[in-house]
Amino acid sequence: MRRRRPAASAAIGVVVAAVVAAGVVVRFVTRSDLWLDEALTVNIARLPLGDLPGALRRDGAPPLYYAVLHVWTRVFGTSDLAVRSLSGLLGVAALPLAWRAGTRLGRGDAAVRRRRAVAVLVVLASSPYAIRYATETRMYALVIVLVLAAYLAVRAALDRPRPGVLAGLAVLTTALLYTQYWALYLLAATAGLLAWWAWRGAEARRGPARRALVALGVGVAGFLPWLGVLLHQLAHTGTPWDRPTSPPTAAALGLLEFAGGIFPSGAPEGWMLVGPLLAAAVVALTGRAPGPWRVDLDLRTVPGVRPEW
């Protein structure tokens, strides 16, 4: 049995490499023309940088991705392939960050962390959601990169709250807000968790959590110069043909979108992954692996079932 382990490890390595390689390739493959939101994004990004705030007051988005795309198109042009390649490169850049994030999840020895990193890498490389937005001229691939980098910054700040790490966390926080407004919800949840650790956590954790919370606040303060534009957008922009949805409906649609969504062709390919993704979420929230081939579930999610830190 032991003699077969090296061969099995090599086979797994080949499969992982093939999945990641395929994931990299398909991030640059799309045959469709730019759709409405992509075309509008390119048109706005082609404006002089000083005109972006005025244009975005009528569009309803923050400016960072548009500024990056502006510089990108000045160098590489505005063809469909050129403008989408920026998102493709961002999608590829997210992969090593996902690997690193996987090594920082939970506890375990080096081998356990390495297996966890491989799993995270394969999931992101093959994710329909990540692939879709790596082929669109929109800001979502940049959001994925910033979220992964910010997660690593938070972990580093909790381990060693050095000035450089805290400054990096503040910059990433500001960058997230200038990229996608929905980052407010993620940052609010992160701030709430840090606040809990800062005042109710273990003694050794309180100081680093407080410093990380301050860095997060500094990052949010960096968004204040744009607040006037955001308030104008809230009052004058939106999607007039859309209708409000209930929280359960929004959650279901979010899960469907993460599975790949209902594609423009109308074929509901995304539904094929909804069940497995939902099952994976339940296991992630309630499961604990006492060994490499066993997962125990505890639906009470009592302390100790999911030791993340």
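**Ground rules**

This is a predicted model, in which local features need pLDDT of at least 70, side-chain atom pairs count only at pLDDT 80 or more, and totals for chains, interfaces and linings use all residues. Residues are numbered from 1 along each chain as its sequence is written, and side-chain values use heavy atoms, with hydrogens and water left out.

**Stop 1: the core**

Select L69 and L169. These two have the most contacts inside the largest nonpolar core, which has 61 residues. Such a core is a set of buried Ala, Val, Leu, Ile, Met, Phe, Trp, Tyr and Cys residues joined through side-chain atoms within 4.5 Å. Helix α8 gives the most to this core, with 14 residues. Helices here are DSSP runs (H or I, at least four residues), and strands are too (E, at least two), numbered from the N terminus.

Stay on L169 and show its contacts, meaning heavy atoms within 4.5 Å. Leave out residues up to four places away in sequence, and L169 touches A150, A153, V154, A157, A212, A215 and L216.

**Stop 2: helix α4**

Now select residues 64-76, which make up helix α4. The helix has 13 residues and reaches 18 Å from its first C-alpha to its last. That is close to the 18 Å expected at 1.5 Å a residue; the expected span is 1.5 Å times one less than the number of residues.

Which residues of α4 are buried? Colour Y65, Y66, L69, H70, W72 and T73: these are buried. The cut-offs are under 20% relative accessible area for buried, over 50% for exposed, and partly exposed in between (1.4 Å probe, protein chains only). The buried residues of α4 pack against α2 (36-45), α3 (52-59), α5 and α8. Step past the end of the helix to G77, which follows α4 and has a positive phi, near 90°.

**Stop 3**

Select A209 in helix α11. A209 counts as buried, at 0% relative accessibility. Not counting residues up to four places away in sequence, A209 touches L158, L194, W197 and A198.

Next, select T174 in helix α9 (residues 163-177). T174 is buried, with a relative accessible area of 17%. Its contacts, leaving aside neighbours within four places in sequence, are V218, G219, G222 and F223.

**Stop 4: salt bridges**

How many salt bridges are there? The count comes to five, where a salt bridge is a side-chain nitrogen of Lys or Arg within 4 Å of a carboxyl oxygen of Asp or Glu. Three of them follow.

- Select D159 and R104: their side chains meet in a salt bridge at 2.1 Å, N to O. The pair links distant parts of the chain, 55 residues apart: D159 is in helix α8 (residues 140-159) and R104 in helix α5 (residues 80-104). D159 is partly exposed, at 47% relative accessible area, whereas R104 is buried, at 15%.
- Select E136 and R132: the N to O distance in this salt bridge is 3.7 Å. E136 is buried, at 11%, and R132 is partly exposed, at 26%.
- Select R206 and E203: the closest N and O atoms of this salt bridge are 3.5 Å apart. The two are separated by about one helical turn because they sit three residues apart in helix α11 (residues 203-221). R206 counts as partly exposed, at 26%, while E203 is exposed, at 61%.

**Stop 5: R113**

Select R113 in helix α6 (residues 110-126). R113 counts as partly exposed, at 26% relative accessibility. Set aside neighbours within four places in sequence, and R113 is in contact with G102, T103, R104, L105, G106, R107 and G108. For scale, draw a line to V214: R113 and V214 are 29 Å apart, C-alpha to C-alpha, and 101 residues apart in sequence.

**Stop 6: a surface patch**

Finish with V25, V26, F28, V29 and L89. They form a nonpolar patch on the surface, with about 390 Å² of accessible area together. Areas come from the Shrake-Rupley method with a 1.4 Å probe, and for residues only the protein chains shown count as cover. Patches take residues with over 30% relative accessible area and no salt bridge, joining like charges within 9 Å and nonpolar side chains (Val, Leu, Ile, Met, Phe, Trp, Tyr) within 5 Å. Zoom in on V26, which lies in helix α1 (residues 4-26). V26 counts as partly exposed, at 32% relative accessibility.
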